[in-house]
Amino acid sequence: MDTTKLNNTDIEAIVKQVLMNMTGQSAAPAASASKSGSIPKTAHVAMLTEKGKFEIQEYPMPEVGDDDILVKVEGCGICGTDAHEFKNDPFGLIPVVLGHEGTGEIVKMGKNVKKDSAGKDLKLGDKVVTCMIFKDNPDITMYDLNKQNVGGADVYGLLPDDDIHLNGWYGDYILIRGGSTVFNVSDLDLTSRILIEPCAVLIHAVERAKTTGILRFNSRVVVQGCGPIGLICIAVLRTMGIENIVAVDGNQKRLDMAKKMGACASVNFMEHKGIEALAEAVKNAFGGYYADFGFQCTGVPAGHSNIYKFIRNGGGLCELGFFINGGDATINPHFDICSKELTMVGSWVYTLRDYATTFDFLKRAKGIGLPIDELVTHRFPLEKINEAMAVNLKQEGYKVAIVNE
Ligand SMILES: [Zn+2]
């Protein structure tokens, strides 16, 4: 090629270069350049400005400090917690940018950012999720095995608004500040990444269940409640090698999905009148035996009262349905706990370690052919977040997600 000749494209490039130098803009891509284009001057968030209403707001793109990471949001699931906050503001956070089940691509990072919380390298273009922000207790690391769950730590998507505003995943950008936990999950697809947070809840619950010493490979396990949490519970149990799982719910569509997720039988409580008949149906589903272990995944007090009746003497129970206060439940301490010698654990949220375990769970679940992707039933762009929340409140699908194209 004759380099002395300039073609039109070259001339255009030179003119651009000259113009950029004149206007003080750098022609060379900045160190902060994204793999998927340049960073705009403003970002958008869905601000919950009052109960029942998100407003799309625009803010200047914030400065990225030496320890910070700017992430272009790709997607974020809508959680039951978001629905509670949307309807009633129980945490008193309004105005707030919600969204804690989010994931996206690193488009800019401070010079001190080198590795994620598990020690994996971080670079521009990597896909990440966040877990918690430890302000008061920096000693907690992912190597404190199940020592402490997320309670007491801050989480993006449940932070008060400040002058940066990009504090939740319901936006097109989020600023991850130094001191946060962040994981490089570039080896997971978008749907899997959106499901990490709810799946971590179940990894934690099963870890809690294992501490009873009752849950074994050949255990008969009853899972009550087949919303996203119950369905993921079945998938986690199935993926770890437990095959004898009976699902209980009142919705046939959900029970069919439970079977696809790995349950070997299902019981529709609408078809059985009274707890004795229901307990008998569960027993029949196990071939004439009560369950060795139960997972209670509904947020309904009657669900808690009922599950004891499905479990054998000397069996175990993990209660994880009451993420928020759902009211009091009636039990009979003699029949349900003492004479049965039942071992019970409660489970709430997850630990950092559970997060890392979840990444592998998602790969293994897909590996054995579980239709994990089908859990995300609805996808909406950020502008349609009010519509997305309405669909979520109707509980028509499983997981509703905001997905930015
Ligand atoms: Zn959540």
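Analyst: Two residues are in contact if their C-beta atoms, placed from the backbone, lie within 7 Å. This is a predicted model, in which local features need pLDDT of at least 70 and side-chain atom pairs count only at pLDDT 80 or more, while totals for chains, interfaces and linings use all residues. Residues are numbered from 1 along each chain as its sequence is written.

Not counting residues up to four places away in sequence, Ile214 touches Asp292, Phe293, Gly315, Gly316 and Thr343. From Ile214 to Asp292 the separation is 78 residues in sequence and 7.3 Å in space, C-alpha to C-alpha. Ile214 has 21 other C-beta atoms within 10 Å and is therefore buried (20 or more such atoms within 10 Å count as buried, 12 or fewer as exposed, and in between as partly exposed; C-beta atoms are placed from the backbone).

Ile214 lies in the loop between H3 and strand E9 (220-224); helices (H or I, at least four residues) and strands (E, at least two) are DSSP runs, numbered from the N terminus.

Helix H3 (residues 190-210) also packs with helix H4 (residues 228-239), at an angle of about 55 degrees and with axes 9 Å apart. Here axes are lines fitted to C-alpha atoms, for helices over the stretch in contact, and angles run from 0 to 180 degrees between N-to-C directions. The residues making this contact include Pro198, Cys199 and Val201 of H3, and Pro228, Ile229 and Ile232 of H4. H3 and H4 are therefore oblique to each other: angles under 35 degrees count as roughly parallel, over 145 as roughly antiparallel, 65 to 115 as roughly perpendicular and the rest as oblique.
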